[in-house]
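Subject: A structure for you to look at

Hi there,

Here is the structure I promised to pass on. Please open it beside this email and follow along as you read.

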Amino acid sequence: MTTKPWIAALGVALLATTACDSDVREQQAEEESAAQDIPEPTEVPEGCEPDGEQLEIGLVTINLQALFFNQINSGAERIAEETGADLQIVDGDDDSVTQANAVEDLVASGVDAIIVDAVDTEGIKPAVRDAEEAGVPVVAVDAVVDDPAVATQVGVENTEAGAQMGEFLVEESGGEGTVHIVSALNSTIQLQRQDGFSEAVEDGGMSVGSVVDGQNVQEEAEDEAQNLLTANPDAEYIYATGEPALIGLASAVRSQDLTDQVTVVGWDLSEPTVDGLRDGWIGGIVQQNTFELGYQSMSAAVQHACGEDAPEDIPVPIKMLTPDNIEDYLYFLEK
(Lines give C-alpha, C1' and ligand atoms only; values in the text may rest on other atoms or scores of the structure.)
Protein backbone atom coordinates (compact mmCIF):
# COMPACT_ATOMS: atom_id res chain seq x y z
CA MET A 1 0.00 0.00 0.00
CA THR A 2 1.37 3.41 -0.98
CA THR A 3 1.02 6.28 1.50
CA LYS A 4 0.04 9.56 -0.09
CA PRO A 5 2.58 12.33 0.56
CA TRP A 6 0.07 14.62 2.21
CA ILE A 7 -0.99 11.87 4.62
CA ALA A 8 2.65 11.22 5.57
CA ALA A 9 3.22 14.94 6.06
CA LEU A 10 0.10 15.17 8.20
CA GLY A 11 1.34 12.27 10.33
CA VAL A 12 4.67 13.97 10.89
CA ALA A 13 2.90 17.22 11.79
CA LEU A 14 0.62 15.42 14.23
CA LEU A 15 3.59 13.70 15.84
CA ALA A 16 5.41 17.02 16.15
CA THR A 17 2.30 18.64 17.62
CA THR A 18 1.87 15.77 20.07
CA ALA A 19 5.52 16.04 21.11
CA CYS A 20 5.17 19.80 21.47
CA ASP A 21 1.99 19.41 23.53
CA SER A 22 3.76 16.84 25.67
CA ASP A 23 6.63 19.27 26.27
CA VAL A 24 4.19 22.04 27.18
CA ARG A 25 2.29 19.77 29.58
CA GLU A 26 5.54 18.64 31.17
CA GLN A 27 6.66 22.25 31.61
CA GLN A 28 3.27 23.23 33.07
CA ALA A 29 3.38 20.30 35.49
CA GLU A 30 6.89 21.29 36.54
CA GLU A 31 5.82 24.90 37.12
CA GLU A 32 2.74 23.82 39.08
CA SER A 33 4.89 21.53 41.21
CA ALA A 34 7.38 24.34 41.77
CA ALA A 35 4.60 26.72 42.79
CA GLN A 36 3.39 24.22 45.38
CA ASP A 37 6.85 24.13 46.93
CA ILE A 38 7.13 27.87 47.64
CA PRO A 39 7.68 28.01 51.40
CA GLU A 40 4.79 29.26 53.49
CA PRO A 41 5.27 32.07 56.04
CA THR A 42 6.35 30.67 59.39
CA GLU A 43 4.34 33.29 61.31
CA VAL A 44 1.93 36.04 60.33
CA PRO A 45 1.27 38.97 62.70
CA GLU A 46 -2.30 39.97 63.45
CA GLY A 47 -2.08 43.46 62.00
CA CYS A 48 -3.93 46.53 63.21
CA GLU A 49 -5.73 49.69 62.10
CA PRO A 50 -4.01 52.78 63.53
CA ASP A 51 -6.65 55.41 64.32
CA GLY A 52 -9.20 53.15 62.62
CA GLU A 53 -7.49 53.38 59.23
CA GLN A 54 -5.75 50.79 57.05
CA LEU A 55 -2.10 50.14 57.87
CA GLU A 56 0.20 51.76 55.29
CA ILE A 57 3.65 50.25 54.62
CA GLY A 58 6.22 51.40 52.06
CA LEU A 59 8.84 49.13 50.48
CA VAL A 60 11.80 50.70 48.67
CA THR A 61 13.51 48.04 46.56
CA ILE A 62 16.77 48.18 44.57
CA ASN A 63 15.17 47.50 41.19
CA LEU A 64 12.19 45.77 39.62
CA GLN A 65 14.27 43.96 36.98
CA ALA A 66 15.79 41.14 39.03
CA LEU A 67 13.69 38.11 39.96
CA PHE A 68 15.35 38.24 43.39
CA PHE A 69 13.81 41.58 44.34
CA ASN A 70 10.44 40.70 42.85
CA GLN A 71 10.28 37.55 44.98
CA ILE A 72 10.99 39.63 48.09
CA ASN A 73 8.13 41.87 46.98
CA SER A 74 5.87 38.82 46.52
CA GLY A 75 6.64 37.64 50.04
CA ALA A 76 5.87 41.07 51.45
CA GLU A 77 2.63 41.25 49.44
CA ARG A 78 1.56 37.88 50.88
CA ILE A 79 1.91 39.19 54.43
CA ALA A 80 0.20 42.46 53.48
CA GLU A 81 -2.82 40.55 52.19
CA GLU A 82 -3.05 38.40 55.31
CA THR A 83 -2.72 41.35 57.71
CA GLY A 84 -4.95 43.76 55.79
CA ALA A 85 -2.13 46.24 55.21
CA ASP A 86 -1.68 48.40 52.13
CA LEU A 87 1.81 47.92 50.64
CA GLN A 88 3.33 50.54 48.35
CA ILE A 89 6.40 49.30 46.44
CA VAL A 90 8.83 51.92 45.10
CA ASP A 91 11.53 51.15 42.51
CA GLY A 92 14.94 52.43 43.63
CA ASP A 93 16.25 52.12 40.06
CA ASP A 94 19.71 51.01 41.31
CA ASP A 95 20.34 54.54 42.58
CA SER A 96 21.04 55.56 46.17
CA VAL A 97 19.69 59.10 45.74
CA THR A 98 16.44 57.77 44.27
CA GLN A 99 16.09 55.45 47.25
CA ALA A 100 16.77 58.19 49.80
CA ASN A 101 14.21 60.45 48.12
CA ALA A 102 11.69 57.58 48.11
CA VAL A 103 12.11 57.07 51.87
CA GLU A 104 11.59 60.79 52.47
CA ASP A 105 8.51 60.84 50.24
CA LEU A 106 7.00 57.86 52.04
CA VAL A 107 7.53 59.53 55.41
CA ALA A 108 5.87 62.68 54.10
CA SER A 109 2.91 60.65 52.79
CA GLY A 110 2.24 59.32 56.29
CA VAL A 111 3.12 55.63 56.02
CA ASP A 112 3.25 53.64 59.27
CA ALA A 113 6.51 51.80 58.51
CA ILE A 114 9.10 51.45 55.75
CA ILE A 115 11.09 48.50 54.40
CA VAL A 116 14.26 49.32 52.44
CA ASP A 117 16.73 47.19 50.50
CA ALA A 118 19.59 49.67 50.19
CA VAL A 119 21.84 50.12 47.18
CA ASP A 120 24.29 52.10 49.34
CA THR A 121 24.10 51.14 53.01
CA GLU A 122 25.97 54.28 54.05
CA GLY A 123 24.15 56.67 51.75
CA ILE A 124 20.71 55.59 52.97
CA LYS A 125 21.46 56.32 56.65
CA PRO A 126 20.43 60.03 56.74
CA ALA A 127 17.01 59.18 55.27
CA VAL A 128 16.59 56.26 57.72
CA ARG A 129 17.47 58.53 60.65
CA ASP A 130 15.01 61.17 59.46
CA ALA A 131 12.30 58.50 59.24
CA GLU A 132 12.96 57.31 62.77
CA GLU A 133 12.91 60.90 64.05
CA ALA A 134 9.52 61.32 62.36
CA GLY A 135 8.25 58.25 64.20
CA VAL A 136 8.31 55.90 61.20
CA PRO A 137 10.10 52.59 61.94
CA VAL A 138 12.44 51.30 59.22
CA VAL A 139 13.16 47.63 58.49
CA ALA A 140 16.30 46.93 56.45
CA VAL A 141 16.08 43.81 54.29
CA ASP A 142 18.88 42.05 52.41
CA ALA A 143 21.45 44.88 52.68
CA VAL A 144 22.79 45.45 56.20
CA VAL A 145 22.31 49.08 57.30
CA ASP A 146 24.41 49.31 60.45
CA ASP A 147 22.68 52.15 62.28
CA PRO A 148 20.65 52.39 65.52
CA ALA A 149 17.83 54.03 63.56
CA VAL A 150 17.07 50.67 61.90
CA ALA A 151 14.34 48.93 63.90
CA THR A 152 14.93 45.44 62.44
CA GLN A 153 17.52 43.95 60.11
CA VAL A 154 16.47 40.98 57.94
CA GLY A 155 18.92 39.11 55.74
CA VAL A 156 21.96 36.90 55.27
CA GLU A 157 25.56 37.50 56.27
CA ASN A 158 26.88 38.33 52.80
CA THR A 159 30.59 38.21 53.59
CA GLU A 160 30.25 34.80 55.22
CA ALA A 161 28.09 33.45 52.37
CA GLY A 162 30.64 34.72 49.84
CA ALA A 163 33.31 32.86 51.78
CA GLN A 164 31.21 29.68 51.68
CA MET A 165 31.05 29.96 47.90
CA GLY A 166 34.82 30.51 47.81
CA GLU A 167 35.40 27.38 49.87
CA PHE A 168 33.04 25.49 47.56
CA LEU A 169 35.05 26.54 44.49
CA VAL A 170 38.35 25.65 46.15
CA GLU A 171 37.02 22.16 46.73
CA GLU A 172 35.77 21.91 43.14
CA SER A 173 39.04 23.20 41.64
CA GLY A 174 41.39 21.39 43.97
CA GLY A 175 42.72 24.75 45.13
CA GLU A 176 44.42 25.55 41.84
CA GLY A 177 43.82 28.20 39.19
CA THR A 178 42.76 31.80 38.81
CA VAL A 179 39.22 33.02 39.33
CA HIS A 180 37.90 36.22 37.75
CA ILE A 181 34.98 38.22 39.16
CA VAL A 182 31.98 40.05 37.71
CA SER A 183 30.92 42.35 40.55
CA ALA A 184 28.85 45.49 41.15
CA LEU A 185 31.11 48.12 42.67
CA ASN A 186 28.14 50.40 43.46
CA SER A 187 26.58 47.76 45.74
CA THR A 188 27.68 47.41 49.36
CA ILE A 189 26.18 43.92 49.51
CA GLN A 190 28.03 42.66 46.45
CA LEU A 191 31.33 44.14 47.62
CA GLN A 192 30.90 42.12 50.83
CA ARG A 193 30.24 39.00 48.79
CA GLN A 194 33.31 39.74 46.70
CA ASP A 195 35.53 40.28 49.76
CA GLY A 196 34.43 37.10 51.53
CA PHE A 197 34.85 35.04 48.37
CA SER A 198 38.24 36.48 47.46
CA GLU A 199 39.70 35.84 50.89
CA ALA A 200 38.43 32.26 50.91
CA VAL A 201 39.77 31.30 47.46
CA GLU A 202 43.15 32.89 48.18
CA ASP A 203 43.35 31.07 51.52
CA GLY A 204 42.57 27.89 49.59
CA GLY A 205 45.45 28.31 47.14
CA MET A 206 43.72 30.00 44.20
CA SER A 207 44.41 33.51 42.92
CA VAL A 208 42.01 36.31 42.02
CA GLY A 209 42.42 37.70 38.52
CA SER A 210 40.40 40.43 36.79
CA VAL A 211 37.49 42.14 38.54
CA VAL A 212 34.97 43.92 36.31
CA ASP A 213 32.03 46.14 37.26
CA GLY A 214 28.61 45.09 35.99
CA GLN A 215 26.95 47.89 38.03
CA ASN A 216 24.15 45.52 39.08
CA VAL A 217 22.65 45.86 35.58
CA GLN A 218 22.28 42.75 33.43
CA GLU A 219 23.25 44.34 30.10
CA GLU A 220 26.27 46.10 31.61
CA ALA A 221 27.36 42.87 33.30
CA GLU A 222 27.16 41.00 30.00
CA ASP A 223 29.28 43.63 28.22
CA GLU A 224 31.89 43.55 30.99
CA ALA A 225 31.90 39.74 31.02
CA GLN A 226 32.41 39.69 27.25
CA ASN A 227 35.41 41.99 27.65
CA LEU A 228 36.75 39.89 30.51
CA LEU A 229 36.58 36.69 28.45
CA THR A 230 38.20 38.37 25.45
CA ALA A 231 41.05 39.67 27.61
CA ASN A 232 41.46 36.29 29.37
CA PRO A 233 40.98 33.65 26.65
CA ASP A 234 42.20 30.87 28.95
CA ALA A 235 39.82 31.74 31.80
CA GLU A 236 38.67 28.68 33.76
CA TYR A 237 36.72 30.08 36.74
CA ILE A 238 34.49 33.16 37.09
CA TYR A 239 32.40 34.32 40.05
CA ALA A 240 29.34 36.58 39.78
CA THR A 241 28.27 38.50 42.88
CA GLY A 242 24.55 38.94 42.10
CA GLU A 243 21.67 37.94 39.84
CA PRO A 244 22.24 40.53 37.06
CA ALA A 245 25.97 39.71 37.09
CA LEU A 246 25.31 35.97 36.88
CA ILE A 247 22.78 36.30 34.04
CA GLY A 248 25.10 38.60 32.08
CA LEU A 249 28.10 36.35 32.66
CA ALA A 250 26.20 33.21 31.64
CA SER A 251 25.09 34.90 28.42
CA ALA A 252 28.65 35.94 27.62
CA VAL A 253 30.02 32.43 28.24
CA ARG A 254 27.37 30.95 25.94
CA SER A 255 27.91 33.53 23.19
CA GLN A 256 31.66 32.81 23.14
CA ASP A 257 30.99 29.04 23.20
CA LEU A 258 33.06 28.52 26.34
CA THR A 259 30.74 26.30 28.37
CA ASP A 260 33.22 23.41 28.07
CA GLN A 261 36.08 25.59 29.35
CA VAL A 262 34.70 27.95 31.99
CA THR A 263 33.18 27.01 35.33
CA VAL A 264 30.86 29.72 36.67
CA VAL A 265 29.70 30.22 40.26
CA GLY A 266 27.52 33.02 41.57
CA TRP A 267 24.42 34.25 43.33
CA ASP A 268 20.66 33.86 42.86
CA LEU A 269 18.96 31.41 40.52
CA SER A 270 17.09 32.67 37.45
CA GLU A 271 15.54 31.25 34.28
CA PRO A 272 18.58 32.16 32.11
CA THR A 273 20.96 30.31 34.46
CA VAL A 274 19.08 27.16 35.48
CA ASP A 275 20.08 25.26 32.33
CA GLY A 276 23.75 26.08 32.95
CA LEU A 277 23.40 24.62 36.42
CA ARG A 278 21.68 21.52 35.08
CA ASP A 279 24.40 21.10 32.44
CA GLY A 280 27.14 21.48 35.03
CA TRP A 281 29.18 24.41 33.69
CA ILE A 282 27.54 26.60 36.32
CA GLY A 283 28.98 24.75 39.28
CA GLY A 284 27.12 26.35 42.17
CA ILE A 285 24.77 29.19 43.10
CA VAL A 286 24.30 30.81 46.48
CA GLN A 287 20.53 31.09 46.89
CA GLN A 288 18.91 33.32 49.44
CA ASN A 289 15.41 32.45 50.60
CA THR A 290 13.85 35.41 48.82
CA PHE A 291 10.27 34.67 49.82
CA GLU A 292 11.29 34.38 53.48
CA LEU A 293 13.10 37.73 53.23
CA GLY A 294 9.81 39.26 52.12
CA TYR A 295 7.75 37.45 54.75
CA GLN A 296 10.04 38.38 57.62
CA SER A 297 10.64 42.01 56.65
CA MET A 298 6.94 42.72 56.13
CA SER A 299 5.98 40.92 59.35
CA ALA A 300 8.51 43.01 61.28
CA ALA A 301 7.24 46.21 59.66
CA VAL A 302 3.65 45.37 60.62
CA GLN A 303 4.68 44.58 64.20
CA HIS A 304 6.58 47.85 64.58
CA ALA A 305 3.75 49.84 63.01
CA CYS A 306 1.29 48.26 65.46
CA GLY A 307 3.47 49.11 68.44
CA GLU A 308 4.50 45.52 69.06
CA ASP A 309 7.97 44.14 69.76
CA ALA A 310 9.93 42.65 66.85
CA PRO A 311 13.45 41.17 66.82
CA GLU A 312 16.29 43.57 66.07
CA ASP A 313 17.96 40.98 63.84
CA ILE A 314 16.31 38.23 61.80
CA PRO A 315 18.84 35.98 60.04
CA VAL A 316 17.72 34.12 56.93
CA PRO A 317 19.92 31.14 55.96
CA ILE A 318 21.24 30.50 52.45
CA LYS A 319 21.07 27.36 50.33
CA MET A 320 23.84 26.16 48.02
CA LEU A 321 22.34 25.06 44.70
CA THR A 322 24.32 22.57 42.63
CA PRO A 323 23.72 20.38 39.57
CA ASP A 324 22.90 17.58 42.02
CA ASN A 325 20.07 19.31 43.92
CA ILE A 326 18.66 21.95 41.55
CA GLU A 327 15.42 20.05 40.89
CA ASP A 328 14.51 20.44 44.57
CA TYR A 329 14.59 24.25 44.40
CA LEU A 330 12.78 25.18 41.20
CA TYR A 331 10.29 27.23 43.20
CA PHE A 332 12.95 29.96 43.18
CA LEU A 333 12.09 30.45 39.50
CA GLU A 334 8.53 31.47 40.36
CA LYS A 335 7.77 35.07 39.43
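A salt bridge here is a side-chain nitrogen of Lys or Arg within 4 Å of a carboxyl oxygen of Asp or Glu.

Before going further, a word on the model: it is predicted, so local features need pLDDT of at least 70 and side-chain atom pairs count only at pLDDT 80 or more, while totals for chains, interfaces and linings use all residues. Residues are numbered from 1 along each chain as its sequence is written, and side-chain values use heavy atoms, with hydrogens and water left out.

**Salt bridges**

The structure has 7 salt bridges. In the one between Arg 78 and Glu 82, the closest N and O atoms are 2.6 Å apart. Both residues sit in helix α2 (residues 67-83), and because they are 4 residues apart there, about one helical turn separates them. (Helices, H or I with at least four residues, and strands, E with at least two, are DSSP runs numbered from the N terminus.) Arg 78 is partly exposed at 26% relative accessibility, and Glu 82 is partly exposed at 42%. For these words, buried means under 20% relative accessible area, exposed means over 50%, and partly exposed is in between (1.4 Å probe, protein chains only).

Next, look at Glu 122 and Lys 125, whose side chains meet in a salt bridge at 3.0 Å, N to O. Glu 122 is exposed, at 52%, whereas Lys 125 is buried, at 9%.

Asp 147 and Arg 129 form another salt bridge, with 2.6 Å between the closest N and O atoms. This pair links distant parts of the chain, 18 residues apart: Asp 147 is in the loop between β4 (138-141) and β5 (150-155), and Arg 129 is in helix α4 (residues 125-133). Asp 147 is buried at 12% relative accessibility, while Arg 129 is partly exposed at 40%.

**The disulfide**

Which cysteines form the disulfide? They are Cys 48 and Cys 306, with their sulfur atoms 2.0 Å apart; a disulfide is a pair of cysteine sulfur atoms within 2.5 Å. The link is left-handed, with -95 degrees about the S-S bond. It joins distant parts of the chain, 258 residues apart: Cys 48 lies in the loop between α1 (5-36) and β1 (56-61), and Cys 306 in the loop between α10 (290-305) and β11 (313-315).

**Cavities**

A cavity is a set of points, on a 1 Å grid over the protein atoms alone, where a 1.4 Å probe fits but cannot get out; lining residues have an atom within 4 Å of a point. There are 2 cavities of 30 Å³ or more.

The largest cavity holds about 100 Å³ of space, a volume being the space filled by probe spheres set on the points, which are joined across faces, edges and corners. It is lined by 13 residues, and those closest to its centre are Phe 69, Gln 190, Arg 193, Asn 216 and Asp 268. Domain 1 (52-156 + 289-316) and domain 2 (158-287) both give residues to this lining, so the largest cavity lies between them. The domain bounds come from an automatic or database domain assignment.

The second largest cavity has a volume of about 30 Å³. Its lining is made up of Ile 62, Asp 94, Val 119, Asn 186, Ser 187 and Asn 216.

Enjoy exploring!

Conventions:
1 Å grid on protein atoms, 1.4 Å probe; cavity = no way out; pocket = protein on both sides within 12 Å on 5 of 7 lines; lining within 4 Å.
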